[in-house]
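Trainee: I would like to go through this model with you. Could we begin with how a contact is defined?

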Amino acid sequence: GQADVIFVATIDTKTKKTTIIPISRETMVDVNLYTADGKYAGSNHEQLCLAYAYGNTTEENSLNVLTSVKRLLFGININSYITIEMNGVKKLTDLVGGIELASLEDIKTKKLELSKGQKITLNGEKALTYIQYRGDDVEANNRRMARQKQFLSALMNRTGNAILSDFSKLGKYYNTLTPYFSTNVSFAQITYIAQNCLTTNFGDAIEYKVIDGTLSQGEKWVEFVADK
């Protein structure tokens, strides 16, 4: 019922440059509230991740997150969204044969145990643990976001290279993941982007921007206040 990972991306189809702003789920922002029957009930200043909880469909939930993200970024125009369930990430990871990376920190859970710097090929189940694991301290989500960026780049490399070697795989991936995502981007648009922007090791070429701010423990939850 919450938005676990939020990325804002821009893709320049002329230069093939992709820029991504990872936005902390703990970012404090005005969130629109809705009743169970869909009636607008005002807004509340709370964690961005909670925006996804208001709505009766994936589309409504996604657009509510999008509304809060645009508020955070001073009304910047964002005309497209893709929301993917975590099980979709798991499915894609297995579909491309796993994701190889070196762990950015020590992780010890029932499903995954890693030492910092240890190299591993993550299957779908372990990938979910790697990108969702967090500790109890205030900085825990920042470390998790670093792992999510690392994983996204590696996944984009793996997926992009596979599509470049066999473009028919784009349709295969799309059809397999359809049950797991909601979007207002058509398959024709996705095909156009893939044809014009995919390059070898696409993920390594992604430029990440960082939003600075103040992190503190609030009354209930950790709160990230973005530096305007």
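Mentor: A contact here means heavy atoms within 4.5 Å. Please keep in mind that this is a predicted model.

Trainee: With that in mind, which residues is Q148 in contact with, leaving aside its neighbours within four places in sequence?

Mentor: Q148 is in contact with D4, V5, F7 and I131. Q148 itself is found in helix α4, which covers residues 140–165.

Trainee: Is Q148 buried or exposed?

Mentor: Q148 has a relative accessible area of 6%. Buried means under 20%, so Q148 is buried.

Trainee: You mentioned V5. Where is the place of V5, and what else is V5 in contact with?

Mentor: V5 is in the segment before β1. Leaving aside neighbours within four places in sequence, V5 is in contact with M86 as well as Q148. V5 counts as partly exposed, at 29% relative accessibility.

Trainee: How far apart in space are V5 and K17?

Mentor: Their C-alpha atoms are 22 Å apart, and V5 and K17 are 12 residues apart in sequence.

Trainee: What share of the residues counts as buried?

Mentor: Of the 228 residues, 40% count as buried. The chain exposes about 12700 Å², and carbon and sulfur atoms supply 50% of that area.

Trainee: And the contacts: what percentage join residues at least 24 apart?

Mentor: Among contacts between residues at least 6 apart in sequence, the figure is 55%.

Trainee: What about the charges: how far apart are the mean positions of the positive and negative ones?

Mentor: The mean positions are 5 Å apart, for 26 positive and 25 negative charges.

Trainee: Now helix α1. How many residues does helix α1 have, and what distance does it reach?

Mentor: Helix α1 runs over residues 58–72 and has 15 residues. From the first C-alpha to the last, α1 reaches 21 Å, close to the 21 Å expected at 1.5 Å a residue.

Trainee: Which residues of α1 are buried?

Mentor: The buried residues of α1 are N61, S62, N64, V65, L66, S68, V69 and L72.

Trainee: Which strands do the buried residues of α1 pack against?

Mentor: They pack against β1 (6–12), β2 (17–23), β3 (28–34), β5 (82–84) and β13 (222–226).

Trainee: Take L72 from that list. What is L72 in contact with?

Mentor: Beyond its neighbours within four places in sequence, L72 is in contact with I23, T27, V29 and A226. L72 counts as buried at 16% relative accessibility. By contrast, L72 and S182 are 110 residues apart in sequence, with their C-alpha atoms 22 Å apart in space.

Trainee: What comes just after α1?

Mentor: Just after α1, F74 takes a positive phi of about 60°, although F74 is not a glycine. F74 lies in the loop between α1 and β5 and counts as exposed, at 64% relative accessibility.

Trainee: Why do you single out a positive phi?

Mentor: Most residues other than glycine have a negative phi.

Trainee: What is the phi of N201?

Mentor: N201 has a positive phi of about 50°, and N201 is not a glycine. The place of N201 is in the loop between α6 (187–197) and β11 (207–208). At 34% relative accessibility, N201 counts as partly exposed.

Trainee: Which residues does N201 touch?

Mentor: Not counting residues up to four places away in sequence, N201 touches N157 and N161. The C-alpha atoms of N201 and A154 are separated by 8.4 Å, although these residues are 47 apart along the chain.

Trainee: One last item: where is the place of G38?

Mentor: G38 is in the loop between β3 and β4 (40–47). G38 is partly exposed, with a relative accessible area of 40%. G38 and Y54 are 16 residues apart in sequence and 8.4 Å apart in space, C-alpha to C-alpha.

Conventions. Residues are numbered from 1 along each chain as its sequence is written. This is a predicted model: local features need pLDDT of at least 70, side-chain atom pairs count only at pLDDT 80 or more; totals for chains, interfaces and linings use all residues. Side-chain values use heavy atoms; hydrogens and water are left out. Helices (H or I, at least four residues) and strands (E, at least two) are DSSP runs, numbered from the N terminus. The expected span of a helix is 1.5 Å times one less than its number of residues. Buried means under 20% relative accessible area, exposed over 50%, partly exposed in between (1.4 Å probe, protein chains only). Accessible areas come from the Shrake-Rupley method with a 1.4 Å probe; for residues, only the protein chains shown count as cover. Lys and Arg count as positive and Asp and Glu as negative; His and the chain ends are not counted. The place of a charge is taken as NZ of Lys, CZ of Arg, CG of Asp or CD of Glu.
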